[in-house]
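Hi,

Here is the structure I promised to pass on. Have a look at it first, and my notes on the packing follow below.

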Amino acid sequence: MARDRDAEGRARSARPRDGLGRPLPHGSPGVPRAPEGVVRTAGQTLDEAQRLLDAGRPFHAHEVFEDAWKTGPADQRELWRGLAQLAVGLTHAARGNAVGARTLRDRAAGHLAEQAPVAAVLGVDAVTLAAWARSPAEDGLPRLRR
């Protein structure tokens, strides 16, 4: 069976997805997906991801962070990686996967804590985000930027 491919030849499922990124049957109405491979400034990345998080779409926020992780400056990549993992942790929690949520939040906390100086330059309070990620709370994510 041939895999769906994007214009660059990368594997990309054409199946529609729900608001939490779960695949739906072909022909089902899905939610618009965040376009992949978009190069944004750090500020644009944070604003778009915050908008998606506020809308209850952490899977899509993860894709925005992943773009920054892949295309951003080398000195920011681990910050974006940590934020992407935090968004995936939120996705797992929203899908009811408490173990996956905890694993990704713990992983994100480590990256965020290490990247606090880089994050501060961008207005991101990585220390607060890391503390939240390590906490047992399942809701109330702090704002990404101060």
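**Helix packing and the core**

Let me start with a helix pair: α1 and α3 run roughly parallel to each other, since their axes cross at roughly 5°, well inside the under 35 degrees that counts as roughly parallel. The two axes come within 12 Å. Keep in mind that this is a predicted model.

On the α1 side the contact uses A42, T45, L46 and L53, and α3 answers with W80, L83 and L90. Sorted by type, the residues of this contact are 6 nonpolar, 1 polar and no charged.

The largest nonpolar core has 29 residues, and L46, F65, W80, L83, L112 and L144 have the most contacts inside it. Two or more residues each come from α1 (42-54), α2 (58-71), α3 (77-94), α4 (98-114), α5 (116-121) and α6 (126-134). The biggest contributor is α3, with 7 residues.

Beyond its neighbours within four places in sequence, L46 is in contact with F65, W80, L83, L122, V124, L144 and R145.

Two of those partners, F65 and W80, are worth a look as well. Both are buried, and the structure holds 1 aromatic pair. That pair is F65 with W80: the ring centres are 6.2 Å apart and the planes sit at 25°, so the rings are stacked. Because F65 belongs to helix α2 and W80 to helix α3, the pair ties together parts 15 residues apart in sequence.

Cheers

How values were computed: Residues are numbered from 1 along each chain as its sequence is written. This is a predicted model: local features need pLDDT of at least 70, side-chain atom pairs count only at pLDDT 80 or more; totals for chains, interfaces and linings use all residues. Side-chain values use heavy atoms; hydrogens and water are left out. A nonpolar core is a set of buried Ala, Val, Leu, Ile, Met, Phe, Trp, Tyr and Cys residues joined through side-chain atoms within 4.5 Å. Buried means under 20% relative accessible area, exposed over 50%, partly exposed in between (1.4 Å probe, protein chains only). Helices (H or I, at least four residues) and strands (E, at least two) are DSSP runs, numbered from the N terminus. Contact means heavy atoms within 4.5 Å. Axes are lines fitted to C-alpha atoms, for helices over the stretch in contact, and angles run from 0 to 180 degrees between N-to-C directions. Angles under 35 degrees count as roughly parallel, over 145 as roughly antiparallel, 65 to 115 as roughly perpendicular and the rest as oblique. Ala, Val, Leu, Ile, Met, Phe, Trp, Tyr, Cys and Pro count as nonpolar, Asp, Glu, Lys and Arg as charged, and the others, Gly among them, as polar. Rings of Phe, Tyr and Trp (its six-membered ring) pair if their centres lie within 6.5 Å; planes under 30 degrees apart count as stacked, over 60 as edge-to-face and the rest as tilted.
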